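Good morning, colleagues. Please keep the display in view as I speak.

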Amino acid sequence: MRELRIHHFFDMIRDYGAGKTLREHPYGHSFHLIAGEIYENKIKRLKLIIRNDDVCENCRMLESGSCTDSIDHRSDFTSKEAFNNFLDGRIMKVMAYESGQIVEVKEIIRNAGKYLDQIFDIYAGNDVAHTTLRKEHVSSGIGKKKRELQID
């Protein structure tokens, strides 16, 4: 079982829906490895957390358990870790999950409509065109996973 931020899960599903090729990131983190496990249905359950997760393993921006990376696409955040915590809190609330909760991947896929229905509220403050594209790709990825996992 993996410990994962909920937004990382949806980023993986977004990339899956977009048909993006998995490759190692220059930062050295484990996103591509865990995404591959998700795509291949090797992970059945996740421990959802609001802190640095298994994706952050080996990331050159992780120092003493904290992310030192920054963002510049918003005016209200510069710390990537603070923004990610904020974002994960919003998504977890919409999905009705608690930090530390263990959830079946199938359940997240089944309940992803809650995320998609609230995506513009969740990402309020981000570029709307970017969020629109995110919604399209996540929706496509969810559809693929539903077919693979035989979820109605």
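This is a predicted model: local features need pLDDT of at least 70, side-chain atom pairs count only at pLDDT 80 or more; totals for chains, interfaces and linings use all residues.

Let us begin with helix 1 and helix 3, which pack at an angle of about 85° with their axes 8 Å apart. An axis here is a line fitted to C-alpha atoms, for helices over the stretch in contact, and angles run from 0 to 180 degrees between N-to-C directions.

Residues are numbered from 1 along each chain as its sequence is written, and side-chain values use heavy atoms, with hydrogens and water left out. Helices (H or I, at least four residues) and strands (E, at least two) are DSSP runs, numbered from the N terminus.

Which residues of helix 1 meet helix 3? They are Ile-6, His-7 and Phe-10, and their partners in helix 3 are Asn-84, Leu-87, Asp-88, Ile-91, Met-92 and Met-95. By class, this contact of helix 1 with helix 3 has six nonpolar, two polar and one charged residue. Contact means heavy atoms within 4.5 Å. As for the classes, Ala, Val, Leu, Ile, Met, Phe, Trp, Tyr, Cys and Pro count as nonpolar, Asp, Glu, Lys and Arg as charged, and the others, Gly among them, as polar.

Helix 1, which spans residues 6–18, also packs on helix 7, residues 128–149; their axes come within 7 Å and cross at roughly 85°. That makes helix 1 roughly perpendicular to helix 7. On the helix 1 side the contact includes Phe-10, Asp-11 and Arg-14, and on the helix 7 side it includes Arg-134, His-137 and Glu-148. Six nonpolar, four polar and six charged residues make up the contact of helix 1 with helix 7.

The next partner is helix 2. The axes of helix 1 and helix 2 come within 10 Å and cross at roughly 70°, which makes helix 1 roughly perpendicular to helix 2. His-8, Phe-9, Asp-11, Met-12, Ile-13, Asp-15 and Tyr-16 in helix 1 face Phe-31, Ile-34, Ala-35, Ile-38 and Tyr-39 in helix 2, with which they are in contact. In the contact of helix 1 with helix 2, nine residues are nonpolar, one is polar and two are charged.

Is helix 2 mostly covered or mostly uncovered? It is mostly covered, with seven of its nine residues buried. Buried means under 20% relative accessible area, exposed means over 50%, and partly exposed lies in between (1.4 Å probe, protein chains only). The buried residues of helix 2 are Phe-31, His-32, Ile-34, Ala-35, Gly-36, Ile-38 and Tyr-39, and they pack against strand 1 (2–4), helix 1 and helix 7. After helix 2 comes Asn-41, whose phi is positive, near 60°.

I turn now to individual residues. His-8 lies in helix 1 and, at 9% relative accessibility, counts as buried. Beyond residues up to four places away in sequence, His-8 touches Phe-31, Asp-53, Val-55 and Cys-56. Ser-30 belongs to the loop between helix 1 and helix 2; with a relative accessible area of 3%, Ser-30 is buried. Leaving aside neighbours within four places in sequence, Ser-30 is in contact with Asp-54, Val-55, Glu-57 and Asn-58.

Asn-58 itself sits in the loop between strand 2 (45–48) and strand 3 (62–63). Asn-58 counts as exposed, at 65% relative accessibility, and its phi is positive, near 65°. Ser-64, in the loop between strand 3 and strand 4 (66–67), is exposed as well, with a relative accessible area of 84%. The phi of Ser-64 is also positive, near 55°. For context, most residues other than glycine have a negative phi.

That concludes my presentation, and I thank you for your attention.

Methods
Angles under 35 degrees count as roughly parallel, over 145 as roughly antiparallel, 65 to 115 as roughly perpendicular and the rest as oblique.
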